[in-house]
Amino acid sequence: MRIHWLKRFLDLLMCMTAMIPIRGATVADPHSYSQPSRVALRHLDLDLRVDFAERVIEGRATWSLDRKDPQASLVMDIRGLDLLSIRTAPQGQTLSHRISPNDPIFGSRLEVDLPEGVHCIVIHYRTAPSASGLQWVGPEGTAGGKQPFLYSQSQAIHARSWVPCQDTPGVRFTYKAKVHVAPVLRVVMSALEQEQASDRPSGIFQFDQPKPIPSYLLALAVGRLDFKPIGPRSGVYAEPETLEKAAAEFVDTEAMIQAVEKRYGPYAWGRYDLLVLPPSFPFGGMENPVVTFATPTILAGDKSLVSLVAHELAHSWSGNLVTNATWRDFWLNEGFTTYVEGRIMEDLFGPERGDFERRLGYEELLAELKEVPEPDQRLIPDFTGRDPDDGVTRIPYEKGRLLLYQLESRLGRERFDSFLRGWFTNNAWKSVTSEDFVAYYNAELKPEQDPALKGLNLGEWLNKPGIPASATIPVSERLTKQVELAEKWSKGALKTADLEIREWSTQDWLAFLNHQPLTLPLSLMAELDKKAQLTEKSNAEVAHLWYLLAIRSGYKAADGAIDAYISRIGRRKLVVPLYKALLGRPNGQKRVMGLFEKARSGYHPITSGTLERLIHEDQ
Ligand code: BES
Ligand code: ZN
C-alpha cells in the first residue's frame with residue numbers, strides 16, 4: 001500500500017515536470033557563458049564596500065546553488081572583475097577555478113569546480129574602475145555639486161561587470177545585500193530597504209529582494225539622496241535640490257499603479273519608488289524592481305513627459321514579472337510594456353493623449369525602419385555574437401506595440417485585456433520565449449476558427465522585416481492637426497504671428513517640430529524663437545527637436561544653448577542625434593571634437609562609446 005502511494009506521488013511529480021515547461025533554462029542564451037540547466041544560482045547574499053576614491057566596489061557574493069547535475073562544475077559570467085578568492089560556505093575551503101580570456105562584448109567565462117556536497121560558495125572580488133555597468137559621477141556631475149554619485153545599469157549584460165553571476169534573463173534568484181558607504185551618502189537598491197532610517201547605523205544599508213529576479217535587474221545607486229513619499233507605496237529619491245520638483249512631477253504614480261492593477265492583476269513588488277539620477281544617465285528610465293531609475297530630463301514641470309514613468313511601471317508586469325528568456329525575445333519585454341504604457345496614459349490623461357502617443361510611436365517606427373537593416377527589423381532578430389545593446393531600436397518597442405494594438409483592435413478591448421491578464425498570470429516569475437507566446441496565442445484565441453483574426457499572420461509579424469500589410473495604423477486627430485499647421489507654416493502659407501501657441505501642449509510642440517522640413521529659412525527660425533523662446537526652452541524633449549532644426553538650418557543664435565545642453569545631458573536618445581546633425585555641417589567635425597573632448601568625462605561609457613563610433617565613422 002505504502003509503495004503504491006509513493007509510486008503515485010512520484011508519477012504525479014514526474015508528470016508535473018513534464019507538463020510545466022521549464023522555460024528559460026531550456027533555451028540557450030548566446031549572451032551568457034553560464035549553463036543553468038546543470039548548475040543554477042538561486043540566492044545571492046551581497047556584502048559591498050563602495051570606495052569613491054578608488055572608484056572600486058569591493059565585495060563578497062555568496063551564492064546558493066541548485067546542482068541539477070551533481071557532476072557538473074559551475075559556470076558564471078564576469079567582466080573585468082579582480083577575483084581575490086573563491087571558497088565554499090560556510091567551511092571556507094578554497095575552490096579551484098578557471099577564467100577565460102576577456103571578450104570585449106561578453107567578458108570572461110568563470111568555471112568553478114564543485115566537490116560533492118558543496119551548495120554554497122563565496123566569491124571575494126573587486127570591480128574595475130572602468131566597469132561597464134557602473135558610472136562613477138564626480139561632484140560636478142550632480143545637482144548639489146559637493147558629493148559624488150554612483151549608479152549601476154545592468155541591462156542588458158553589464159551585471160557581470162559588478163557582480164559575478166549567471167548573466168542571463170533565463171535565471172532568477174532572490175537576493176539580500178549589505179552595503180557600506182560614507183555616512184553622508186545614501187544607498188538605493190532594486191530591493192526593499194530593511195531598516196527604518198532612524199534605526200539604521202550610519203553608513204550601512206541592508207536590503208532584501210524576496211522575489212526571484214534576473215541579473216539584469218540587479219541595481220545599486222549611492223549619492224547624497226533624500227526621500228519624499230508621494231503615495232501609500234511610492235516615493236521619490238533625489239538630491240535635495242531636485243526632490244520637490246520630482247515629487248510634484250510624479251504625483252500620479254499611485255493612480256498609474258492602480259490603472260494597471262485593475263486590468264492585469266496586482267502589483268507584485270511591494271513598493272514602487274522612483275530615483276532621479278544625474279543627467280549623465282544614458283537612458284530615459286530603467287525598470288529596476290521596487291525602484292525605477294530615471295533621467296532628470298523628464299522633470300518638465302508640467303507632467304508632460306511622465307509617459308516614461310508609465311513605461312517603467314508597466315515593466316513591473318511585462319519584463320520583471322514575465323521576463324524574456326533571452327535578448328532575442330526582447331520584444332516580449334518592451335513591446336508589451338509600450339502597449340501597457342499607452343493604456344496607462346489613456347486612463348490617466350484621456351484618449352486624445354493615448355492616440356497621440358501611439359501615433360507618435362508609429363511615426364518613430366517608420367523612421368527607424370529606414371535605418372535598420374532588414375534582418376534586424378524582425379521581432380525575433382538574431383543577435384548571436386553581437387552586443388544585445390545594439391538591438392535597442394524602436395523595432396521591439398513600437399513594432400511590438402503595433403502587433404498588440406492590432407490584436408486589441410481585432411478582438412476588442414475586453415477580450416484582449418483578459419488575454420493579456422492571462423499571459424501575465426500564467427507566466428508570472430517565469431522567463432518566456434516568442435514560441436511560448438505563439439503557443440499561448442494559439443491555445444487561447446484559436447485563431448484558425450476565429451473570424452476576428454482572419455488574415456492576421458502572426459508568423460509574418462515575428463519573422464519578417466517591415467510592417468505587415470494587415471496592420472491597424474494608429475491615427476491621432478490632434479497630431480494630424482499639428483502636422484497640417486507645421487506644413488502650412490514652413491511653406492509660408494501661415495504666418496508666425498497666426499500660430500496660436502498659447503494653447504499648445506508639450507505634445508503639440510513635439511508634433512509641430514517633428515514635422516518640419518530638414519532645414520528652415522533663418523528668418524522663420526528667428527521669428528518662431530522670438531515668439532516662443534524655444535532656445536531657452538527647459539523641456540528637454542522640445543529643446544532637443546528645436547536644436548536639431550537649429551543645427552541643420554545653421555541658426556547660430558542657439559549655438560551656446562546647444563553646447564550647454566550637450567555637455568550637461570548624457571541621455572543617448574537626446575544627445576546622439578545632435579552630434580550626428582553637427583557632423584553633417586560644414587566644419588562640423590571640428591566643433592564636435594571640441595564639444596566631445598569637454599563633455600566626454602561626464603558621459604556614461606554607453607554614451608561615449610556610441611559617440612566615439614559615430615565620430616570615428618565620420619573621419
Ligand atoms: N529597459 C529599458 C532600458 C534599456 C533597454 C536599457 C535595453 C538597456 C538595454 C527601459 O525600460 C526603456 O525602455 N527606457 C526608455 C524609455 C521608454 C519611455 C521608452 C529609454 O530609456 O529611452
Ligand atoms: Zn522599457
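The zinc ion (ligand 2) is held by protein donors at 1.9 to 2.7 Å: His 311 (NE2), His 315 (NE2), Glu 334 (OE) and Glu 334 (OE). Donors are N, O and S atoms within 2.8 Å of the metal (3.2 Å for Na, K and Ca), and because water is not among the atoms, sites may look incomplete. This is a predicted model, in which local features need pLDDT of at least 70, side-chain atom pairs count only at pLDDT 80 or more, and totals for chains, interfaces and linings use all residues; side-chain values use heavy atoms, with hydrogens and water left out. Residues are numbered from 1 along each chain as its sequence is written, while chains are lettered from A and ligands numbered from 1 in the order in which they are written.

**Zinc site and helix α4**

- The site of the zinc ion (ligand 2) is irregular, with angles of 53 to 159° among its six donor atoms.
- Four donors count as tetrahedral if all angles lie between 85 and 135 degrees; four count as square planar and six as octahedral if opposite donors are over 155 degrees apart and all others between 65 and 115; anything else is irregular.
- Along the chain, the donors of the zinc ion (ligand 2) are spaced as H-x3-H-x18-E.
- His 311 has a relative accessible area of 8% and is buried; His 315 is also buried, at 0%.
- Buried means under 20% relative accessible area, exposed over 50%, and partly exposed in between (1.4 Å probe, protein chains only).
- Helix α4 (residues 307-314) is largely enclosed by the rest of the structure, because eight of its eight residues are buried.
- The buried residues of α4 include His 311, Glu 312 and Leu 313.
- Helices (H or I, at least four residues) and strands (E, at least two) are DSSP runs, numbered from the N terminus.

**Trp 317**

- Trp 317 is found in the loop between α4 and β20 (322-324), and is buried at a relative accessible area of 2%.
- Leaving aside neighbours within four places in sequence, Trp 317 is in contact with residues including Ile 257, Tyr 264, Pro 266 and Phe 424.
- Contact means heavy atoms within 4.5 Å.
- Trp 317 and Gln 206 are 111 residues apart in sequence, and their C-alpha atoms are 25 Å apart in space.

**Confidence**

- The chain has a mean pLDDT of 95, and 96% of its residues reach 70 or more.
- The pLDDT is the predictor's confidence in each residue, from 0 to 100.
- Confidence in the chain is lowest in helix α1 (residues 2-19), with a mean of 40, and highest in strand β19 (residues 291-294), at 99.
- Residues 7-25 have pLDDT below 50, and this stretch has twelve contacts in the model beyond near neighbours in sequence.

**Helices α16 and α17**

- The axes of helix α16 (residues 572-583) and helix α17 (residues 588-599) come within 8 Å and cross at roughly 145°.
- Axes are lines fitted to C-alpha atoms, for helices over the stretch in contact, and angles run from 0 to 180 degrees between N-to-C directions.
- In α16, Tyr 579, Leu 582 and Leu 583 meet residues of α17, among them Val 592, Leu 595 and Phe 596.
- The residues of the contact of α16 with α17 are seven nonpolar, two polar and one charged.
- Ala, Val, Leu, Ile, Met, Phe, Trp, Tyr, Cys and Pro count as nonpolar, Asp, Glu, Lys and Arg as charged, and the others, Gly among them, as polar.
- Asn 587 lies in the loop between α16 and α17; its phi is near 65°, a positive value in a residue other than glycine.
- Asn 587 is exposed, at 67% relative accessibility.

**Other loop residues**

- Lys 446, in the loop between α9 (434-445) and α10, has a positive phi near 40° and is not a glycine.
- With a relative accessible area of 42%, Lys 446 is partly exposed.
- Ser 476 lies in the loop between α10 (458-463) and α11 (477-490), and is buried at 3% relative accessible area.
- Not counting residues up to four places away in sequence, Ser 476 touches Asp 355, Phe 356 and Arg 359.

**Cis peptide bonds**

- Ala 89 and Pro 90 are joined by a cis peptide bond with omega about 0°, and Pro 90 lies in the loop between β4 (82-88) and β5 (97-99).
- The peptide bond from Gln 155 to Ala 156 is cis, with omega near -5°; Ala 156 is in the loop between β9 (149-152) and β10.
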